Amino acid sequence: MIKRTIICMTLAALSFSAQAKVRLPHIIGDNMVLQQQTDARLWGWAKAGQTVRVTTSWNDETLSVQAGKDGKWLVKVKTPKASYEPLSITFDDGEPLIINNVLSGEVWVCAGQSNMEMPVKGFGMCPVEDYNHHVLDAAYSKGVRSVKIPSIMRAVPQDDAQCEWRQCSPKTVSEFSATGYFFARLLSRTLDIPVGIIEANKGGSRVESWLTKENLEKYTTDPTDSVEICKRWAQYDYHRSLLWGNGTFNPILNYTVKGILYYQGCSNVGDPGDQYSERMKILVDQWRSQFGLGEIPFYFVQIAPWAYDDGDVNGISGALLREQQFKASKIIPNSSLVCINDLVYPYESTQIHPTQKQPVGERLAFTALNRDYGYESVLYKSPSYKDMKVDGDVVYIHLQDNYYADAPFEDMQGFEVAGEDRVFHPAKARHFWQPGGGYWDEAIMITSPEVKNPVAVRYCFRNFQLGNVKNAANLPLFPFRTDNW
């Protein structure tokens with residue numbers, strides 16, 4: 001009897017100890033990167049009413065917080081300047097829990113669909129260019145760390161996900177998001193500080209996949225009941241609304257980050273009118289509100305050329321989505337769009353995952369370095385259409401953000417012109433300069449022998465059309481049209 005009593009008391013003590021020990025979300029753990037010089041949020045669960053003490057190694061400061069009735073608690077700690085010095089944090093509610101090898105640096109979210117999700121090792125039949133070189137070079141990227149949030153669907157918003165932070169090395173880099181890694185690598189080496197990326201994305205997802213129930217009900221006709229959602233997209237689960245955001249993005253919303261990188265759009269090709277640009281703005285407003293960090297940067301990637309419309313390279317549904325992305329960049333504050341119309345090889349018309357991922361990530365890094373880190377001499381904008389004037393059978397156009405150069409000087413490829421019949425024909429284009437100034441001074445001159453009275457110009461405004469016009473930063477011209485046909 002006495003023996004049984006002792007055993008029961010021991011089990012009770014162990015049970016109490018297990019309940020008392022503070023629990024952290026998986027994203028808060030060894031090897032994590034904290035956003036530097038800010039009030040970073042740390043959170044978790046404990047016994048209701050229990051006091052949790054949080055002690056940081058960098059200033060030996062202890063903060064206390066009481067768990068609510070639901071056991072949840074959250075505290076903000078002041079983080080130090082970025083460095084490679086390993087830090088630790090102790091969480092104590094009666095039984096200490098220590099996380100180690102924490103770094104202070106810059107933290108960015110990598111969101112979107114498969115071209116953001118695509119790892120350095122590539123997908124099946126979809127390689128990343130220069131893979132072996134990137135694996136070996138990863139030995140010099142020890143300041144880069146990543147955490148991958150599992151792509152899962154949930155009917156209700158989740159506040160945790162099974163994940164862990166990974167240190168970059170030749171052994172681990174193959175699993176990192178390629179676009180995210182190349183962004184972080186350039187940022188880390190330029191600033192000489194740690195950079196962490198949080199990968200919260202899902203291949204094939206639509207912009208609606210990330211909207212909350214409230215926004216879906218207010219702005220869309222998509223169902224918000226999980227059963228109805230699954231019925232609507234029974235065949236293509238990656239198109240489902242709400243569920244991916246609940247399971248894959250919601251777990252990171254308490255984390256303190258610098259900004260968001262986004263590469264998505266392929267699954268919204270075919271959306272009518274301005275629906276995509278409007279919903280993009282709704283999504284960004286939603287995420288900024290959910291993170292509660294103000295108007296954090298939002299930098300996104302225009303979809304690459306691909307043969308949409310069942311392999312029709314000459315269709316324009318993809319071009320219309322790119323146009324919507326360009327419009328979104330104009331209505332979303334503190335945002336910037338990266339053009340990658342030149343980062344597809346001619347043989348990749350049916351490859352939805354182009355192999356050139358390094359320049360994509362680096363162009364995102366150029367944007368952040370200029371806009372957020374004081375590197376004003378880094379040129380990050382792609383040129384875009386400014387205005388047009390017709391003189392007889394010749395069209396003259398000007399570009400903006402060309403940094404005083406439209407290249408190449410001759411044989412510009414990708415232009416088409418049309419007359420009143422709205423039939424577009426390939427056009428010849430070259431740099432034009434006329435002494436004496438005036439409108440035509442330093443313009444692009446466009447002509448076509450098939451069009452005597454041109455009224456409209458298009459540049460790479462097809463599903464898969466590769467041009468060669470770039471600016472002084474060697475960044476490609478955004479596809480555009482001057483008509484609204």
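**Entry 1: terms and model**

I start with a definition: buried means under 20% relative accessible area, exposed means over 50%, and partly exposed lies in between (1.4 Å probe, protein chains only). The model is predicted, so I note that local features need pLDDT of at least 70 and side-chain atom pairs count only at pLDDT 80 or more, while totals for chains, interfaces and linings use all residues. Residues are numbered from 1 along each chain as its sequence is written, and side-chain values use heavy atoms, with hydrogens and water left out.

**Entry 2: D342 and K470**

I looked up D342 first. D342 counts as buried, at 18% relative accessibility. Its side chain meets that of K470 in a salt bridge (3.0 Å, N to O). D342 sits in the loop between β13 (335–338) and α11, and K470 in the loop between β20 and β21, so the pair ties together parts that are 128 residues apart in sequence. For the term, I wrote down that a salt bridge is a side-chain nitrogen of Lys or Arg within 4 Å of a carboxyl oxygen of Asp or Glu. I also wrote down that helices (H or I, at least four residues) and strands (E, at least two) are DSSP runs, numbered from the N terminus.

How many salt bridges does the structure hold? I found 22 salt bridges. One of them joins E362 and R185 (4.0 Å, N to O). This pair links distant parts of the chain: E362 is in helix α11 (residues 358–372), R185 is in helix α4 (residues 178–191), and they are 177 residues apart. E362 is buried, at 19% relative accessible area. R185 is buried too, at 8%. I then saw a network of salt bridges that links D137, R185, R189 and E362.

Next I checked D222. It forms a salt bridge with R206, with the closest N and O atoms 2.9 Å apart. D222 lies in the loop between α5 (213–219) and α6 (226–232), and R206 in the loop between β10 (195–201) and α5, so the pair ties together parts 16 residues apart in sequence. Is D222 buried or exposed? D222 is buried, with a relative accessible area of 11%. R206 counts as buried at 10%.

**Entry 3: a sheet**

I turned to an open sheet of 4 strands, with the order β17-β16-β20-β21 and antiparallel pairing. β17 (424–426) and β21 (480–481) stand at the edges with a single partner strand each, so one side of each has no neighbour in the sheet. Two strands pair if DSSP finds at least two bridges between them. β16 (residues 415–418) and β20 (residues 456–459) pair in the antiparallel sense over 4 bridges. V417 stands opposite V457 in β20.
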